[in-house]
Amino acid sequence: MSAPKKKTIQIEAFRHRVVADPKYAEKTWNILEHAIHEIYNHNASGLSFEELYRNAYNMVLHKFGEKLYSGLVATMTFHLKEICSSIEAAQGGLFLEELNRKWADHNKALQMIRDILMYMDRTFIPSAHKTPVHELGLNLWRDVVIHSSKIQTRLLDTLLELIQGERSGEVINRGLMRNITKMLMDLGSSVYQDDFEKQFLESSADFYRLESQEFIESCDCGEYLKKAERRLNEEIERVSHYLDAKSEAKITNVVEKELIESHMQRLVHMENSGLVNMIVGDKYEDLGRMYSLFRRVASGLVLIRDVMTSYIRETGKQLVTDLERLKDPVDFVQRLLDIKDKYDKIIGSAFSNDKTFQNALNSSFEYFINLNSRSPEYISLFVDDKLRKGLKGVSEEDVEIILDKVMMLFRYLQEKDVFEKYYKQHLAKRLLSGKTVSDDAERSLIVKLKTECGYQFTSKLEGMFTDMKTSEDTMQGFYANVGADLGDGPTLSVQVLTTGSWPTQPINTCNLPTEILSICEKFRNYYLGTHTGRRLTWQTNMGTADLKATFGKGQKHELNVSTYQMCVLMLFNNTDRLTYREIEQAAEIPASDLKRCLQSLACVKGKNVLRKEPMSKDIADSDAFFFNDKFTSKFFKVKIGTVVAQRESEPENQETRQRVEEDRKPQIEAAIVRIMKARRVLDHNNIVTEVTKQLQSRFLPNPVVIKKRIESLIEREFLERDKGDRKLYRYLA
Amino acid sequence: MGVQKDRIKFNVGGRVFETTATTLANAGRDSYFGALFNDDWDLLHSNNSQEFFIDGNPECFSILLDLLRTGYLHIPSNVPERLLYREAAFYGLINHVRSAKWGPFNGNRLRYCKSVTGRAPGDGTAIRAGPDGGCAVAHGSMVHVFDWMLEEHPPINLDYQRVNDIGWVNADSVVISTCERLGTPDGGMGLFTSSTGELRYKFNVVHGNQTKSFTAGALSFSPDYKIFSSCKGRSNEYGIGVWDQVTGKQIDFFYESSLGDADKLQWLNGRNCLLVATLFPRKDNCYISILDFRQKRMVWSWSDIGALVTVDEKRVRDAIAIEETNSICVVNEYEDLGFIDLRMEGGGVRWSSRSRLSTGNMLDEPCYPKLALHEGQLFSSMNDCISVFCGPDCVLTSRLRRSDGGSICDFSIGGDRLFALHSEENVFDIWETPPPIL
């Protein structure tokens, strides 16, 4: 109600205005100064905006801008000093609240002052290069209040104390904290940084340095990581609640450095709870936490990776050099697969499928698998085992999974050609004995090998399958043509194997029994009649036979034996006793094979259709053998296995090695010629590198061998040494 | 009820106006009305039935209220523009007036707005449009600065040395480049506050730790606050100097004697390079080069040395790079446009016959053609008119000519206005695009 009255009085003042009045500027300023006082004293409701605005306008218009501006600075400074002492007087916890309240007051006052002085702000200030009113208000607040000696340190200490309190579990007024930090930000990011952030980061570093020391003495690795993670999240949350967003990176940096980086080594290697223990105990959660925390720190992941790698290498090396384990190749390979699965799972679930970790895993496997030169053989044996019996009753998808895993191990092999060699042998045995479980699985693996290593690698393996199929057709043709003439004689099944595709060795055919010999002859005539220009050689070491035998008490059995065993047993049709020498003479079977087949006929319990004198495990040249009249078996069909060497014996292994080395020679030579044909002239070192590069998908050629092959090529005049530079080779077209 | 509360009555200098708070809200917070309606000043809210007195000019208030209502500015002939501007400044509405006065620049819709006659004795040298619609005009050794209201500010001079080029750093600062006075540190380059004409700082050329006096020529600016100028000193200080706009300190110098006399510098934003053109008749031949200061070398150059002199002897009189088409547009004294491909070295000028204009009326004092570029539109001045070319093929689309104007010695586009400076009369013209009506 009193407002209109006041207004009329002020309009009176206008009427009295005389521009020529020498005290005009003074009077006008007094009105404005009074208004500023009233604004700061919360008495603004009685003020007339119109009047004040026009007064300020007139002062600027009549060139009293400078007076207006300096008056403003003085008046505002006066009020801020008052505010300052009232904040200083605030007791204890009320300090921040008082500061916050006064800050809000000042902001409101500043806005009103700016409204009145808007014309000055727009015209006088830019041309006189003065600080605009709003900025001036903030600067004065900063200089007079925040930087006052009694407030500056007290403010900082209070803020740090409150944060420290919150860290130790107290509940603090986050809204108030936010207002205060926002005030510091409003005063300029440098104020926030210099008056708060810098010390905040320092005190945080001190705090976490102490705390981490305490943790590491009292906690195990997993527990420590949990605490570190919690602290990190707390700090991030703190920033989002009441600090400037830009502080997040800085404070997390501090926490990372103090809690993680400083103790990284100790944590990873911590006894009974470090990285290796986590891996052994499959502690995915702890591993995942370690990964996500260490990732924040430079070289953190490198440390984890290095420790993991050396652990894998060490345990892998132990595995592949453990002689006990090597006795069972299938178990050996299964163990490799289990290790791989374990680490795959760790990397997948804890290390977020980090590529660098996968690479480290692969290189570790490559490292230790190749430490054992028999790994290719064992992997092939594992496949053999699976394809012979292991895959029965397993679904097609699971078969694929197993084969894929085998392929993965295969990829780690450096000597892929050795694997090929063994694989061929084992495949041949499976095919010829008809032991393979699933044709699809066999072919699927060959397709995989083909995609991995190319057509050349598998062409012979595929040839073996073709031979099997053709042989089936040939046998049908044979019986259709000559079946009628055969009468009651034994039935023959021939598999015609292409030379080169199969792992055959030149072998002396043993003496077959006459009954068999005649039908063999008939087949030979039939086959050579239909295919001209071919030669057939009997591989008597690879065949099998089914024999019908009658034992004492008229017990009849069907014996499933090898061709060699058949030859031996047939000799007993005429007599009951034969000495080793007699058998050897009659059958002409190679001594080692003969001994092995006699062993299986006479020394295996339940399968002993022969009896040996003296009774012992080993066969001596002086032994005598008898037809075992008393042989019994609850089965009608008795399968007499050969005592097969599952693993190759040492000499056999040497032999395979040698053959592999032989096979490598032409490949190395071919590579050298290919390279030289393209490059014409090349020096020795470069040839070696190029050859190694070309062949490494199959094997790692030995530089010495490459040198020998080059020499051999020079001898055969494919290459010559350069006459000027002896290190250079030239290709001779 | 809302309607009732919304209504406001003003008594301005005795005339009563009634309007709504919504209309006044268009003035924005940073204005008289914005502050008046802020909650801190709770006068009006308690007694909104009463009229509110303002000691102001009712005519102007009515124009400004109309501007707030409609966004359209109409100044009746009986109201002096200066009076309106002053009233607008009181209410904090000067920017509203400015943006309503003319529309966004379009070369094909320009209307002649007004001519300003200066007081300078000599012929005009250069005119440069400021970013907010003002301009600076150089006559001899003086630079006259006008704001967008065409209000003249105190003139600028640098030791009263002959002015070679002017440039606006921002709406409040102008750089001028002048000749040196032999044997004294006078002349060179200076940065001035446009509204007061006060010298803020002079730019120095430092060579071998010694500050040298120099003559500053053509100017150019880059968005990262650098100033470029062609410089001519006494000994070795020929080339392009680079200064920081904020600190005024020299930050680089590209020594190359042929560049010290350049007629034109143009900063190429896309390439981060500077185009330097030195043209006939300042030199016997024309040289255009592009400098890359990051690599500190000339990355492209062209010259007409050795080019076949055609019958009508086409000499390049001005050049401007058009980055969108990777070419440099040049013009000869017959106002034929030509193009040089920037993507290859050593290419020739492809003169465009289509752009050839019928030669206008030859004036007593012909002026060499000048080129300017604005948002894809190419402008070329020749004698008493300015031609506007559009599109990728630079088709002539408009021509600006004033019936009684003399020949145009320089023109400039900026702040959505085009300024054309006449050589013999001491006059410049302002061309504007009218604001759209509905």
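Visitor: How many residues of chain B are in contact with chain A?

Guide: The model is a prediction, and the totals for interfaces use all residues. On the side of chain A, 25 residues take part in the contact. Their counterparts in chain B number 29.

Visitor: Which three residues supply more of the area that chain A buries against chain B than any other three?

Guide: Between them, chain A and chain B bury about 2,400 Å², with 58% of it on carbon and sulfur atoms. Of the area that chain A buries against chain B, 24% comes from three residues. These are Phe49(A), Glu50(A) and Arg122(A).

Visitor: Which residue of chain B forms a salt bridge with Arg114(A)?

Guide: The count between chain A and chain B is 2 salt bridges, together with 5 residue pairs in polar contact, both residues being at pLDDT 80 or more. In one of the salt bridges, the side chain of Arg114(A) meets its partner at 3.5 Å, N to O. That partner is Asp30(B).

Visitor: Which helices of chain A each supply at least two residues of the side that touches chain B, and how many of the residues on that side are charged?

Guide: The helices are α1 (3–15), α3 (49–61), α5 (94–116) and α6 (118–128) of chain A. By class, this side of chain A has 12 nonpolar and 5 polar residues. The charged residues number 8.

Visitor: How many residues apart in sequence are the parts that Arg266(A) and Glu217(A) tie together?

Guide: These two residues form a salt bridge, with the closest N and O atoms 3.5 Å apart. Arg266(A) is partly exposed at 40% relative accessibility, whereas Glu217(A) is exposed at 54%. Arg266(A) lies in helix α13 (residues 264–268) of chain A and Glu217(A) in helix α10 (residues 189–218) of chain A, so the pair ties together parts whose separation in sequence is 49 residues.

Visitor: Is Arg289(A) buried or exposed?

Guide: Arg289(A) forms a salt bridge with Glu285(A), the closest N and O atoms being 3.4 Å apart. The two are 4 residues apart in helix α15 (residues 284–294) of chain A, which means that about one helical turn separates them. Glu285(A) is exposed, at 59% relative accessible area. The value for Arg289(A) is 10%, under the 20% limit, so Arg289(A) is buried.

Visitor: Which helix of chain A holds Lys595(A), the salt-bridge partner of Asp621(A)?

Guide: The side chains of Asp621(A) and Lys595(A) meet at 3.8 Å, N to O. Asp621(A) counts as partly exposed at 32% relative accessibility, and Lys595(A) counts as partly exposed at 31%. The pair links distant parts of the chain, 26 residues apart: Asp621(A) is in the loop between β4 (610–613) and β5 (624–627) of chain A, while Lys595(A) is in helix α27 (residues 591–602).

Visitor: Which residues are joined into one network by salt bridges that share partners?

Guide: A search of the whole structure finds 77 salt bridges over all chains. Some of these share partners and join residues of chain A into one network. The members are Glu166(A), Arg167(A), Arg174(A), Glu235(A), Glu237(A) and Arg238(A).

Visitor: Which side chain is joined to that of Glu258(A) by a polar contact of 3.3 Å?

Guide: Glu258(A) lies in helix α12 (residues 247–260) of chain A and counts as buried at 5% relative accessibility. Beyond four places in sequence, the residues that Glu258(A) touches include Ala205(A), Tyr208(A), Ser212(A), Tyr224(A) and His263(A). The polar contact of 3.3 Å is with the side chain of Arg209(A).

Visitor: What separation is found between the C-alpha atoms of Leu279(B) and Val316(B)?

Guide: Leu279(B) lies in the loop between β19 (273–278) and β20 (287–292) of chain B and counts as buried at 1% relative accessibility. Among the residues that Leu279(B) touches are Asp263(B), Cys286(B), Val316(B) and Arg317(B). Leu279(B) and Val316(B) are 37 residues apart along the chain, and their C-alpha atoms are separated by 6.7 Å.

Visitor: How many disulfides does a search of the whole structure find?

Guide: Cys60(B) counts as buried at 0% relative accessibility, and Cys135(B) is buried with a relative accessible area of 0%. Over all chains, the number of disulfides found is 0.

Definitions and conventions. Residues numbered from 1 in each chain as written. Chains lettered and ligands numbered in written order. Predicted model: local features only at pLDDT ≥ 70, side-chain atom pairs only at ≥ 80, totals over all residues. Heavy atoms only, no water. Buried < 20%, exposed > 50% of the residue type's maximum accessible area, 1.4 Å probe, protein only. Contact = heavy atoms within 4.5 Å. Buried area = accessible area lost by both parts, 1.4 Å probe. Salt bridge = Lys/Arg side-chain N within 4 Å of Asp/Glu carboxyl O. Polar contact = N/O pair within 3.5 Å; in protein donor to acceptor, adjacent residues only side chain to side chain. Nonpolar A, V, L, I, M, F, W, Y, C, P; charged D, E, K, R; others polar. Disulfide = S-S within 2.5 Å.
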